[in-house]
Amino acid sequence: MRFTCSLAKLWMPGYVDSPATPGLHNHLETCLGCQAEMAKYKRLHRELASLGPVTELAPAGFVAGVGVAIAEGVATVDTPERGYTAAIAVTGATLVALGAAAFLRRRHAHSVG
Ligand SMILES: [Zn+2]
């Protein structure tokens with residue numbers, strides 16, 4: 001398989017921490033653009049690996065508020081499937097918000113300390 005840059009970029013994330021396939025390896029040896037892209041993936045991988053587990057306590061009333069929002073979402077839709085979708089959307093948005101808050105706190109802690 002001949003690796004083009006677009007194909008190499010699709011494969012790179014899967015080989016950040018393991019040896020590249022021969023085709024990807026050969027492409028990376030000759031393509032400066034893809035070498036730079038792979039370097040970005042490796043830097044991102046190192047930074048993510050350096051993040052330890054973070055435990056965030058939810059603000060008072062947060063869990064109850066999410067429960068109410070989910071219950072209201074289920075109660076206002078007309079089919080169970082849409083209710084589950086609303087509940088999953090609220091839960092997903094909550095998890096994203098908690099993750100973003102943890103990430104920003106971590107970044108702030110690194111920039112201050
Ligand atoms: Zn390339």
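**Core**

I started with the largest nonpolar core, and it has 8 residues: Phe3, Ala8, Met12, Leu24, Leu28, Cys31, Cys34 and Met38. Helices α2 and α3 each supply at least two residues of this core. For my own record, a nonpolar core here is a set of buried Ala, Val, Leu, Ile, Met, Phe, Trp, Tyr and Cys residues joined through side-chain atoms within 4.5 Å. Buried means under 20% relative accessible area, exposed means over 50%, and partly exposed is in between (1.4 Å probe, protein chains only). I also jotted down the background: in soluble globular proteins, nonpolar side chains tend to be buried together.

**What I am looking at**

This is a predicted model, in which local features need pLDDT of at least 70 and side-chain atom pairs count only at pLDDT 80 or more, while totals for chains, interfaces and linings use all residues. Residues are numbered from 1 along each chain as its sequence is written, and side-chain values use heavy atoms, with hydrogens and water left out.

**Overall fold**

I find 5 helices and 0 strands in the protein, so the order from the N terminus on reads α-α-α-α-α, given that helices (H or I, at least four residues) and strands (E, at least two) are DSSP runs numbered from the N terminus. Of the 113 residues, 16% count as buried. I then looked at contacts, meaning heavy atoms within 4.5 Å. Among those between residues at least 6 apart in sequence, 45% join residues at least 24 apart.

**Zinc site**

Which residues hold the zinc ion? I get Cys5 (SG), His27 (NE2), Cys31 (SG) and Cys34 (SG), at 2.0 to 2.3 Å. Donors are N, O and S atoms within 2.8 Å of the metal (3.2 Å for Na, K and Ca); water is not among the atoms, so sites may look incomplete.

In sequence the donor residues are spaced C-x21-H-x3-C-x2-C.

For the geometry, the angles among the 4 donor atoms run from 102 to 117 degrees, and the site is tetrahedral. The rule I used: four donors count as tetrahedral if all angles lie between 85 and 135 degrees; four count as square planar and six as octahedral if opposite donors are over 155 degrees apart and all others between 65 and 115; anything else is irregular. The ideal angle for four tetrahedral donors is 109.5 degrees.

Cys31 counts as buried at 14%, and Cys34 is buried at 0%. I checked for disulfides too, taking a pair of cysteine sulfur atoms within 2.5 Å as the criterion, and the count comes to 0.

**Helix α2, face by face**

In α2, I noted Gly23, Leu24, His27 and Leu28 as buried. Seen down the helix axis, these buried residues fall within an arc of 130 degrees, so they line one face of α2. The arc is that of the directions from the helix axis to the C-beta atoms. They pack against α1 and α3. On the other side of α2, Pro22, Glu29 and Thr30 are exposed.

**Single residues I looked up**

Thr21 is in the loop between α1 and α2. It is buried because its relative accessible area is 18%. Not counting residues up to four places away in sequence, Thr21 touches Phe3, Trp11 and Tyr15.

Trp11 is in helix α1 and counts as partly exposed at 29% relative accessibility. Trp11 and Thr21 are 10 residues apart in sequence and 9.2 Å apart in space, C-alpha to C-alpha.

Ser6 lies in helix α1 as well, and I logged Ser6 as exposed, with a relative accessible area of 53%. From Ser6 to Cys34 I get 28 residues in sequence and 9.2 Å in space, C-alpha to C-alpha.

Last stop was Thr91, in helix α5 (residues 80-112). Thr91 is partly exposed, with a relative accessible area of 33%. The C-alpha atoms of Thr91 and Gly67 are separated by 9.2 Å, and the two residues are 24 apart along the chain.
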